[in-house]
Amino acid sequence: MKYILEMVLIIILSFMFYLNMPIKTSSVLHIPKGSINKIISQLKRENYQVSKLDSLLLRLIGSPQSGWINFDSIYLTRGDFLYKITHSKAALQEITLIPGETTYIFLNQLSDNLKLDRKKLQNAYDTYANQEEGAFVPNTYKIPIGITEDELIKLLLRTSLKQMKRLSIKFFGNYDEKKWFRYVAIASVIQKESANIQEMPIVSSVIYNRIKKGMKLQMDGTLNYGKYSHLKVTPKRIREDKSVFNTYIHKGIPKIPVCNISFDSIKAAVFPSKTDYLYFMKSKNGTHDFSRYYSTHLDNIKRATK
């Protein structure tokens, strides 16, 4: 009997020791939907020192919540860690990336709204993104308060890439990064130039028609890149901007996308309308007048500027 009591005491003390072992974690953590074993497997992949014993303890403590968990501290005991993934939901804040916005402006937005370090966001983007621009999918994202700059950029890029791959497979049957971002570059010009979704395939046709004829695109929207996203393009700017985005001095589509694009614009890039249009001019009602001939285009300019 004494032996049994000693063994029980040893087991209890061992559990207490185990539960008080330290675990270092991020401030917030995403828990996937699924079984406890699936959750433990993900934690292992993310380099958390967890084991089958933790699976057993979770079954006693309660089922882990799916979604974002807020730990408040990055240093916890194992017992606190296991308890929090069953009881502590993180507060979320919505952040919207609008179609046509540049990454430069979006990182400013993330920094201001989530109180994050702008320089760290940029460094994380430069580290993890394979593209200088256009790697994010415009959407409304629910971001856990307390997420680090690194974790946020990886989350946004991972979520965006998943959506891009899904659409690429739908259009082309596979995902080829180089091919996909060639279309993203075309779509980014369409995104900047179109007044609405209905115009996008027509604007796309103008782009392809001008390229086919060896004409420069000469589109103001390509100069609304980076920090210039919302600045009016002036004749002075057109003369002085020597970047790859200036389609008044360079032929073809800029090699780097101008902005982050909607799937409507990339659909238009892949499936342009069949037209003979070479020109378009913004009318007084905010949409565009399209034309095949330069003389008609001049008339459209006169009407719009009267």
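Predicted model: local features only at pLDDT ≥ 70, side-chain atom pairs only at ≥ 80, totals over all residues.
User: Which residue forms a salt bridge with Arg292?

Analyst: A salt bridge here needs a side-chain nitrogen of Lys or Arg within 4 Å of a carboxyl oxygen of Asp or Glu. Asp276 is the partner of Arg292, with the closest N and O atoms 4.0 Å apart. This pair links distant parts of the chain: Asp276 sits in the loop between α11 and β7, and Arg292 in the loop between β8 and α12, 16 residues apart.

User: How many salt bridges does the structure hold?

Analyst: There are 3 salt bridges. One of them joins the side chains of Glu240 and Lys236 at 3.1 Å, N to O. Those two are separated by about one helical turn because they lie 4 residues apart in helix α10. Arg237 also bridges to Asp241, with closest N and O atoms 3.1 Å apart; Arg237 and Asp241 are both buried.

User: Why is helix α4 described as largely enclosed by the rest of the structure?

Analyst: Count its buried residues: they make up 7 of the 10 in α4 (residues 78–87), so the helix is largely enclosed. Among them are Phe81, Leu82 and Ile85. At the start of α4, a side-chain oxygen of Thr77 comes to within 3.1 Å of the backbone nitrogen of Asp80.

User: Which residues form the positive surface patch?

Analyst: Lys284, Lys302, Arg303 and Lys306 form it. Arg303 belongs to helix α12 and is partly exposed, with a relative accessible area of 49%.

Methods: Residues numbered from 1 in each chain as written. Heavy atoms only, no water. Patch = residues over 30% accessible without salt bridge, like charges linked within 9 Å, V, L, I, M, F, W, Y side chains within 5 Å. Areas by Shrake-Rupley, 256 points an atom, 1.4 Å probe, with all protein chains shown as cover. Lys, Arg positive; Asp, Glu negative; His and termini not counted. Charge placed at Lys NZ, Arg CZ, Asp CG, Glu CD. Buried < 20%, exposed > 50% of the residue type's maximum accessible area, 1.4 Å probe, protein only. Polar contact = N/O pair within 3.5 Å; in protein donor to acceptor, adjacent residues only side chain to side chain.
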